[in-house]
Amino acid sequence: MNGTTNWPAIAMFAAFVAITLGITRWAARRTRTAADFYAAGGGITGFQNGLAIAGDFMSAASFLGISAQIYADGYDGLIYSIGFLVGWPIVLFLIAERLRNLGRYTFADVASFRFAQTPVRCFAAVSTLLVVLFYLIAQMVGAGQLIRLLFGLPYPYAVAIVGVMMTLYVLFGGMIATTWVQIVKAVLLLGAASFIAAAVLWRFGFSPEALFARAIEVKTAAASAAGATPIEAQAAGRAIMGPGGFIKDPVSALSLGLALMFGTAGLPHILMRFFTVPNAKAARSSVLWATGWIGYFYILTFVIGFGAIVLVATDPSYLTPGGALRGGGNMAAMHLSHAVGGDLFLGFVSAVAFATILAVVAGLTLSGASAVSHDLYASVLRRGRADQAAELRVSRVTVLVLALVAIALGILFEQQNVAFMVSLAFALAASANFPVLILSLLWPGCTTRGVVAGGAVGLSLALGLTILSPAVWVSVLGNAQAIFPYGSPAIFSMPAAFFTIWLVSRLDTSGRAAVDRAGYPAQRIRSETGIGAAGASAH
Amino acid sequence: MASTEPGIEGLAHDPRYQRLVRRRGRLSWLLTALMLVTYLGFILLVAFAKPLLAQPIAGGATTLGIPLGLGVIAVAIALTGFYVRRANAEFDHDVDALAGEHRP
């Protein structure tokens, strides 16, 4: 596990690669039109899309990171994971069906529906690329470190393999291959996590109470061994069963909560998945399936984290002489899979973790590429008159460029603390894309200038405040004290975006504003009923 | 993209369409508010009532925070399921009827 080559893991990963390349080959033969490439021809069912969304959303970071957080602090990890789930009902109630009824390939189709195309599409493309890039860097750095540990590959090779694989999927198989890679990965990850959690619970007669009691004993004994008095040790043991240091101040807590809750409804690679289903009804059922699978997955990670306290922290072979986890804090779930299933199962779970990263980065890359080819090239540069072949060519070139950028940044950021990047991506999505989408969908008075100004304010405020916050200003840039004291910017940047859109739209007396407002009734009817919506398939 | 087909124009003034949009809108916002209150209420408990969440249930190892936290997950799935049921049973039917009469 410490950088030695792990052959069973490599063999099982090779099997995964062979299967997914087979899928890609099959998908490539079915990818003829732009609708196939961006939206799998609209031919994915609600159940399949629900699994693919879960596969897109359950990253290696949440599997390894949240179980590691529970291993270290107990209950706090559950608080964090709940934040990632509660955005899904919001997506369903406010966004999913309207998005499917109005759009074809990207969320910008919807945000710019009744507005001037060039400014709104440019904003949406910038915002998509920023969200995708931050999310991608976090995944690449995590992938490099994980794969170096699990497979014994050098960091740059690991990052390059991830980059090359995701390029193959997206370049040749487009959305069809991306969807099926995500579905395969979701099934593998849910299966592996279910097995680990069941194996842990089985040892405790399927009694969570017995598992928790044993975990408290382990933590109490560890505190005693570290020199705590019996009373302190008992308090340390019990501390894992309640909230601890995760929530530092109420403002940061609410702000992160808002970013997670509304950010999900503004993540471009997630929104794009709603164009792969034939109609609003299937979009709706995909969210129900996704919410169910993701909620189930977070319950499993909770059991896995406690299982690691009981089975990993008590076994010296998984620990360094100092008592820390071998291979670093994120390895709790990996050691646990060895503890319950031996070498072969560890190899399997390692391959699943690798697959997990590939499925997430493929979805991100496709979303970034479509922002460039569909929004910037076809809609802005060619004013909607690009032919499909040229648009797809631009998309594929962008995939290559994005992959190179992702590999380069992944290597560049190897030694950096990138933990803030995923929550930054959520904050950007909640502060820019979500207000723009909601007001353009639901407020007749909204205008082109309003959404562009408000989106820009939300984007730059979320980015600027994050740079001034402790996670970047202190941890990355090494300053003594943060200028912005809170953990997340959303509580300020999201209302600022809503307010700016409202104010600028109200003050907008341009001729375009009159067109924007006049376009609302027709947009409203189509968004509510789907009458006139883009069909399931272009062929 | 403003459409001026008579079918669509007629739809905007159809009382059944107006009723559908009103009812569905009310349900969406109600469920959104329920989710927001549930989650932000949980976060406020975490911020201001840590001892309450750390309170053991019946003297055991399990604390009140466990069912409350898992409860938020259950509420998220239940609200989603409730909306999908209502939409499948009621709204789709209305949309199909309207779409049949107001072909653009």
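The contact takes in 51 residues of chain B and 47 residues of chain A. The model is predicted. Between chain B and chain A, about 4600 Å² of area is buried, and carbon and sulfur atoms give 76% of it. On the chain B side, Tyr39(B), Ala61(B) and Ile73(B) lose the most area to chain A, together 13% of what that side buries.

Four salt bridges are found across the interface of chain B and chain A. Over all chains the count comes to 16 salt bridges.

| Residue | Partner | N to O distance |
|---|---|---|
| Asp92(B) | Lys281(A) | 3.4 Å |
| Arg284(A) | Glu97(A) | 3.0 Å |
| Glu217(A) | Arg214(A) | 3.1 Å |
| Asp508(A) | Arg449(A) | 3.6 Å |

Arg284(A) pairs with Glu97(A) in a salt bridge. This pair links distant parts of the chain, with Arg284(A) in helix H14 (residues 280–311) of chain A and Glu97(A) in helix H6 (residues 87–102) of chain A, 187 residues apart. Both Arg284(A) and Glu97(A) are buried. They also belong to a network of salt bridges that links Glu97(A), Arg98(A), Lys281(A), Arg284(A), Arg524(A), Glu528(A), Arg24(B) and Asp92(B).

The side chains of Asp508(A) and Arg449(A) meet in a salt bridge as well. Here too distant parts of the chain are linked: Asp508(A) lies in the loop between H20 and helix H21 (511–518) of chain A, and Arg449(A) lies in helix H18 (residues 448–467) of chain A, 59 residues apart. Asp508(A) has a relative accessible area of 4%, so it counts as buried.

Glu217(A) and Arg214(A) are three residues apart in helix H10 (residues 208–225) of chain A and are therefore separated by about one helical turn. Glu217(A) is partly exposed, with a relative accessible area of 47%. Arg214(A) is also partly exposed, at 32% relative accessibility.

Helix H16 (residues 388–412) of chain A has 25 residues and reaches 36 Å from its first C-alpha to its last, close to the 36 Å expected at 1.5 Å a residue. Its buried residues include Leu392(A), Val399(A), Leu402(A), Ala406(A) and Ile407(A). Among the elements of chain A that cover the buried residues of H16(A) are helix H2 (34–39), helix H8 (117–151), helix H9 (155–202) and helix H15 (332–381).

Leu503(A) is found in helix H20 (residues 490–507) of chain A. With 34% relative accessibility, Leu503(A) counts as partly exposed.

Methods
Residues numbered from 1 in each chain as written. Chains lettered and ligands numbered in written order. Predicted model: local features only at pLDDT ≥ 70, side-chain atom pairs only at ≥ 80, totals over all residues. Heavy atoms only, no water. Helix = DSSP H or I, 4+ residues; strand = E, 2+ residues; numbered from the N terminus. Expected span 1.5 Å × (residues − 1). Buried < 20%, exposed > 50% of the residue type's maximum accessible area, 1.4 Å probe, protein only. Contact = heavy atoms within 4.5 Å. Buried area = accessible area lost by both parts, 1.4 Å probe.
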